[in-house]
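Open the model and follow along. We go from a sheet to a helix pair and then to a ligand.

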Amino acid sequence: MPSHRYRPAHERVEVPLTERAWPARRLTQAPLWVPVDLRDGNQALVEPMDPERKRLMFDLLTTMGFKEIEVGYPSSSRPDFDFVRHLATSGAVPDDVSVVVFTAARRDLIERTFASIEGMSRVVVHLYTATAPTWRDVVLGHDRRELRDLIMDAAAHVARLAGDRDIRFQFSPEVFNLTEPDYALEVCNDLTALWDASPDRPVIHNLPATVEVATPNVYADQIEYMHRHLDRRDAVILSVHPHNDRGTGVACAELALLAGAQRVEGCLLGNGERTGNVDLVTLALNLHVQGVDPMIDLSDIDEVRRVVERCNRLPVPERHPYAGDLVYTAFSGTHQDAIGKGLAHHAKRAAELGVPPELAPWDVPYLPIDPADVGRDYQAVIRVNSQSGKGGIAYLLRSRHGLELPRRLQIDFSQVVQRATDGSGEEVTAEQLWELFRATYLAPGEPSPLTEWNTAQTGPGVHEFTGTLRDGRLLRGTGNGPLSALAGAFAAGGVDVDILHYAEHALDPGHDGRAIAYVEARVGGATYWGAAVDTSALTASVHAVLAAVNRAA
Ligand SMILES: CC(=O)SCCNC(=O)CCNC(=O)[C@H](O)C(C)(C)COP(=O)(O)OP(=O)(O)OC[C@H]1O[C@@H](n2cnc3c(N)ncnc32)[C@H](O)[C@@H]1OP(=O)(O)O
Ligand SMILES: CC(C)C(=O)C(=O)O
């Protein structure tokens, strides 16, 4: 790889911060989240959103509780302009929501932007210009002073057009993360003064990592430098806008919040230019699982995902944090075992505390969040394939079919499943597991393997079993319980049956009040499990013994 062609971040931009406070800080409250799906997200789509998809996205964002929403780049295209006009005239913007409109620092574009927001209240006009050296030199052709003057001129025009209307101002030094900190600071401070920011009409300085180039600690240092040196700090809302080129957008945003940022721009599920804008869903749920209220509603994450996929026409991957199809699923045996035990412990603890399970403290291995918090159920938590073990198999049979397999039967059955999955290499569903279990262990329900049978206690601790098998063989024997009497009957007929283990339990609703019995029997020197279901536990256990003996035969 020609790695020598690239320079490390510290050679591209020098950050003058040497003592930083952010590493010792904690996140204790949600920032102001600002979704930019309708602008930055939209400009990255193969097919930008049409009016119907834009409205769907806007309604999702307001329903989720976002209070400031960037709705477009109205001077960029007719659909963007028309959508802002639609918001201005349709009453779609709730009273507690501000909309942000985005514009480059060019008079014609600024004027078109103001035309789009005519009649709207609670608007933020968001002005941007790239400020990093390569952009100044190669793209815009202005030195530091010229570019500062161009920005001031545009900002003054914005202020003039706003007059005394209910409009706030935002500035983004695009590619802030590659801009000399002293220059970014100078431009921001000059704008704060020009726009005469005050605590009751604060200016937003939004500092983008437009293209991620460094580890998140570098971005945090850059943000802390600005946080410490910005003029009229109480009149500035310090905002960040991370992208995800290095795959660390979320980490950048989190460290930036520690470093003094108060507002985060991003997209739902990480859509956006190239590798995406920072994912607001992940950020919000990361706070949630730290015990901090994210202040947005993600209780139906699948609905959020459905709308996002429909609007963006891009799929959300199965492994996407919190929202992917597979993120609450374990296939591997030891994880499944731990989850199964953890969920049982959670239910017990909730009962002890006298609270519903969805309100009890969460501490289940391998599940950083209770899937129920985001509207998922537990059905997909454990899925079985060749990587699975007895714990996962037992969990599925318990949770989906009401079976409580004795531990030794779990071991026996997991070998049966392993042979099946090793052979096919495929996943086994709960239904297929039940079929495999039924075919392996379960005595056929009807007709009964015995045409008639009876047990009776004939003396203290003495039981007698009599019966006739379908092939006409008579069974008669005694023992210290009904099952050992049945074993005695087999012994009398020349078949050695030793009952090693016996268990039974009522089956859950859906099984018509029936019971299931499990029997492990040593027959002719080898051990076999059998099982049977019946309305009577005794009948089930007798049939379970016959099932084990049949397997031996
Ligand atoms: C990081 C970001 O997300 S920034 C936002 C990017 N989003 C978009 O570009 C989507 C919408 N954009 C558009 O529809 C168009 O680019 C428009 C309407 C805004 C402008 O279109 P055009 O006038 O055709 O210009 P074009 O698209 O070629 O952009 C390049 C010009 O913009 C200039 N420019 C770039 N950034 C800025 C800025 N912040 N302020 C002023 N001018 C700028 C460039 O220097 C270049 O000017 P030049 O032609 O004199 O060299
Ligand atoms: C201009 C800003 C807000 C931006 O979109 C970016 O830098 O990615």
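Start with strand E10 (residues 462–469), which is joined to E9 by 8 bridges, the two running antiparallel. Strands (E, at least two residues) and helices (H or I, at least four) are DSSP runs, numbered from the N terminus. Leu-450 has Leu-469 in E10 as its bridge partner. Strands pair if DSSP finds at least two bridges between them. This is a predicted model: local features need pLDDT of at least 70, side-chain atom pairs count only at pLDDT 80 or more, and totals for chains, interfaces and linings use all residues. Residues are numbered from 1 along each chain as its sequence is written, while chains are lettered from A and ligands numbered from 1 in the order in which they are written.

The open sheet has 3 strands, in the order E9-E10-E11, with antiparallel pairing. Strand E9 (450–459) and strand E11 (474–479) are the edges, each pairing on one side only.

Now find helix H7 (residues 144–162) and helix H8 (residues 181–194). The axes of H7 and H8 come within 10 Å and cross at roughly 25°. Axes are lines fitted to C-alpha atoms, for helices over the stretch in contact, and angles run from 0 to 180 degrees between N-to-C directions. H7 and H8 are therefore roughly parallel (angles under 35 degrees).

Last, look at ligand 2. Residues around ligand 2 (C-beta atom, placed from the backbone, within 6 Å) include Asp-40, Tyr-128, His-241 and His-243. Strand E5 (167–174) and strand E6 (203–209) each supply at least two residues of this shell.

How values were computed
Parallel < 35°, antiparallel > 145°, perpendicular 65-115°, else oblique.
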